[in-house]
Amino acid sequence: MEILAVTCQSADNIKDIHKAGADEAVFALKDGCFSALAGFSKEELKELISLTHEEGMRFSVLMNRLFHEDMIKEAQETMMELIHAGADAVLFADLGLMKKAIEEGVTDRLIYQPETLMTSTPEAEVYDALGLQAVMISSLLTEGEIEEIAKAVKQTGVSVHGYQLMSVSARKLLSAYSAVSGRESLKNRNGLYLREEKRNEFMPVYENDYCALIYTDYILESFDQLERFQKAGVQRFQADSWNISPDSLNDALRIYRNILDGKDASSLIQEYRKKYADLPISEGYYSSRTVK
């Protein structure tokens with residue numbers, strides 16, 4: 001079954017994304033993932049599970065942080081509690097969570113999402129063989145490389161829209177900048193960007209209590225690639241709502257929904273690109289093997 005999943009910033013997003021064609025709402029666990037998305041406590045997520053299911057949608061938890069040894073047991077317990085509360089999937093990266101899922105017989109609720117690291121067919125095959133619900137292929141690969149992995153592995157997914165995470169660092173980059181420059185704390189603040197000396201583009205940057213996150217300088221758009229990914233066997237198509245307007249997100253979802261349903265979306269695509277011409281929309285690395 002093909003799924004169009006969307007990360008959400010609040011409960012208010014659920015009805016809108018469903019109306020736009022999404023099958024699944026993804027919410028981030030507070031302090032439990034590598035993402036600048038708004039985080040929710042375990043109890044808040046349980047309430048969101050009910051709200052999402054009432055809307056007739058799937059619910060998944062973004063929990064793809066790497067946990068220290070003294071944190072993994074609590075993380076395992078949280079994962080199991082959310083699964084028992086009805087979460088349809090948990091997106092993870094820490095193998096300690098997979099170990100617990102194997103012990104409890106719930107690997108079919110896990111989606112492996114190590115962001116930039118899933119780049120080869122052999123690696124994807126290893127995780128698929130463990131009975132995971134899906135393996136998320138890195139969106140920083142070329143179109144052909146994504147297709148190659150999807151054709152060889154049964155259950156795969158790919159991020160198709162939104163800013164893409166490029167770097168995660170335990171070094172507190174913004175805190176270091178604040179300390180050197182004498183500025184106020186920049187932690188947990190949106191609307192911040194980095195620009196490399198030899199590039200004109202701006203890369204969104206975000207820092208929380210445990211890491212600094214650097215995103216692509218573009219908003220990934222996959223309208224022209226979606227049908228090929230679909231034919232290659234990709235089962236999960238994910239859009240990220242962080243740092244983009246609800247209108248542009250929902251308009252994009254309507255296009256993806258039409259394409260997945262086999263409808264002609266060419267006119268909608270033209271309207272979208274014209275309407276949002278001021279946004280840094282790009283096909284990313286789909287057509288280029290060279291890192292710019």
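1. Start with helices α9 and α10, which run roughly antiparallel to each other. Keep in mind as you look around that this is a predicted model. The label follows from the angle: α9 (residues 246–260) and α10 (residues 266–275) pack at about 160 degrees, and anything over 145 degrees counts as roughly antiparallel. Their axes lie 10 Å apart, and the crossing of α9 and α10 is left-handed.

2. Which residues of α9 and α10 meet? From α9 come Ser248, Asp251, Ala252, Ile255, Asn258 and Ile259, while α10 brings Leu268, Ile269, Tyr272 and Lys275. Sorted by class, that contact of α9 with α10 has six nonpolar residues, along with two polar and two charged.

3. If you want to find the α2 and α3 contact on screen, pick out Lys42, Glu43, Leu45, Lys46 and Ile49 on α2, then Thr78, Glu81 and Leu82 on α3. What is the make-up of this contact by class? Four of the residues are charged, three are nonpolar and one is polar.

4. Helix α3 also packs against α4 (residues 95–104), at an angle of about 50 degrees and with the axes 9 Å apart. That angle makes α3 oblique to α4. The crossing of α3 and α4 is right-handed.

5. On the α3 side of this contact with α4 you'll see Ile72, Ala75, Gln76, Met79 and Met80. They meet Gly96, Leu97, Lys100, Ala101 and Glu104 of α4. The class count for α3 with α4 is six nonpolar, two polar and two charged residues.

6. How many cavities of 30 Å³ or more does the structure hold? There is one, and about 260 Å³ of space lies in the largest cavity.

7. Where does the lining come from? Strands β7 (134–137), β8 (156–169) and β12 (236–239) are the elements that give two or more residues to the lining of the largest cavity. Among these, β8 provides the largest share, four residues.

8. One last point, on what kind of residues surround that space. The lining of the largest cavity divides into nine nonpolar and nine polar residues, plus two that are charged.

Definitions and conventions: Residues numbered from 1 in each chain as written. Predicted model: local features only at pLDDT ≥ 70, side-chain atom pairs only at ≥ 80, totals over all residues. Heavy atoms only, no water. Axes fitted to C-alpha atoms, helices over the stretch in contact; angles between N-to-C directions. Parallel < 35°, antiparallel > 145°, perpendicular 65-115°, else oblique. Left-handed = near helix turned anticlockwise from the far one by under 90°. Contact = heavy atoms within 4.5 Å. Nonpolar A, V, L, I, M, F, W, Y, C, P; charged D, E, K, R; others polar. 1 Å grid on protein atoms, 1.4 Å probe; cavity = no way out; pocket = protein on both sides within 12 Å on 5 of 7 lines; lining within 4 Å. Points joined across faces, edges and corners; volume = space filled by probe spheres on them.
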